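Please keep the sequence and the model open while reading.

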Amino acid sequence: MQRSPDAVMLFAAGFGTRMRELTRDKPKPMIEVSGRPLIAHALELAQAIRPARIVANLHYKPEPLKAFLEPQNVRISLESPEILDTGGGLRQALPLLGDGPVFTMNTDAIWKGPNPLKLALQAWDPDRMDALLVCVPLERAAGRTGGGDFAADAEGRISRGGKLVYGGVQILKTQDLNQIEEQVFSLNVLWNRMAEANRLFALEYPGRWCDVGHPEGITLAEDLIAADDV
């Protein structure tokens, strides 16, 4: 099994219900931010690390996404008839991704600063880690409603609660996905197992980040992109 990830999974299957009317006729990853589809911002970051494979899972209104992604050599994992959530979707895509650790990336966020995938790759230590989540301090997470997701100890091991927001980029070992009986499940199930084994880690992102999962996030993200400072 590879010790370093060489595949990226883009999560693009969701219904985008928080976007309300904006996703009536298009999938959320095709909503434009600063003149480009949301997924184009994510794909640019993924392509910059030159992975062997990039895969996207699709479900809701998949045709515009297929038309955008396939010419860019992104492989498609179509979830049908039901959507499989992050864990089930990643497991379905494993034949396309390979059997080593993989990056996963949400496609509804904007990053301002260093490429989070590059930072994660530099910090990845498979001897200690089963997953490394790139997290953003709450005060630098624009568009975030509510509190944080995690707290980290001095070595970076994480637990639930705290002021770190999961930014949607991680490196993850996938072999234990096949031990989960459910067909539809969140990656939180796998994270909980890793946390119990003290092998779930966070990397604090040094830049800024914006959640674009809701309409108000579009303006916040465009302001972040246009800002001169990191």
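Which side chain is joined to that of Asn57 by a polar contact? The side chain is that of Glu79, and the contact is 2.7 Å. A polar contact is a pair of N or O atoms within 3.5 Å; within protein, one must be able to donate a hydrogen and the other to accept it, and residues adjacent in sequence count only if both atoms are side-chain atoms.

## Basis of the report

The model is predicted: local features need pLDDT of at least 70, side-chain atom pairs count only at pLDDT 80 or more, and totals for chains, interfaces and linings use all residues. Residues are numbered from 1 along each chain as its sequence is written, and side-chain values use heavy atoms, with hydrogens and water left out.

Asn57 lies in strand β4, residues 53-58. Helices (H or I, at least four residues) and strands (E, at least two) are DSSP runs, numbered from the N terminus. With a relative accessible area of 3%, Asn57 is buried. Buried means under 20% relative accessible area, exposed over 50%, and partly exposed in between, with a 1.4 Å probe and protein chains only.

Leaving aside residues up to four places away in sequence, Asn57 touches Met9, Leu10, Phe11, Ala12, Ala13, Ser77, Glu79 and Gly89. A contact here means heavy atoms within 4.5 Å.

Strand β1 (residues 7-11) runs parallel to β4 and is joined to it by 5 bridges; two strands pair if DSSP finds at least two bridges between them. Val8 has Ile54 in β4 as its bridge partner. Strand β5 (residues 75-78) is also parallel to β4, through 4 bridges, and Ala56 is partnered by Ile76 in β5. The chain goes from β4 through helix α2 (residues 62-69) to β5 in a right-handed β-α-β crossover. Right-handed means that, with the strands pointing away from the viewer, the path from the first strand over the helix to the second runs clockwise.

## A three-stranded sheet

An open sheet of 3 strands has the order β7-β14-β9 and mixed pairing. Its edge strands, β7 (109-112) and β9 (141-142), each pair on one side only. Strand β9 and strand β14 (residues 208-211) run parallel and are joined by 2 bridges. Opposite Cys210 in β14 stands Ala142.

## Cysteines

The whole structure contains 0 disulfides, a disulfide being a pair of cysteine sulfur atoms within 2.5 Å. Cys135 is in none, and the nearest cysteine sulfur, in Cys210, is 17 Å away. Cys135 is buried at 0% relative accessibility, and Cys210 is buried with a relative accessible area of 0%.

## The chain as a whole

The chain has 6 helices and 14 strands. Of its 230 residues, 51% count as buried. The C-alpha trace spans about 45 × 40 × 30 Å along its principal axes. Among contacts with a separation of 6 or more, 71% are between residues 24 or more positions apart.

The radius of gyration is 17 Å, which agrees with the value near 17 Å for a compact globule of 230 residues. That radius is taken over C-alpha atoms, and the globule rule is 2.2 Å times the number of residues to the power 0.38.
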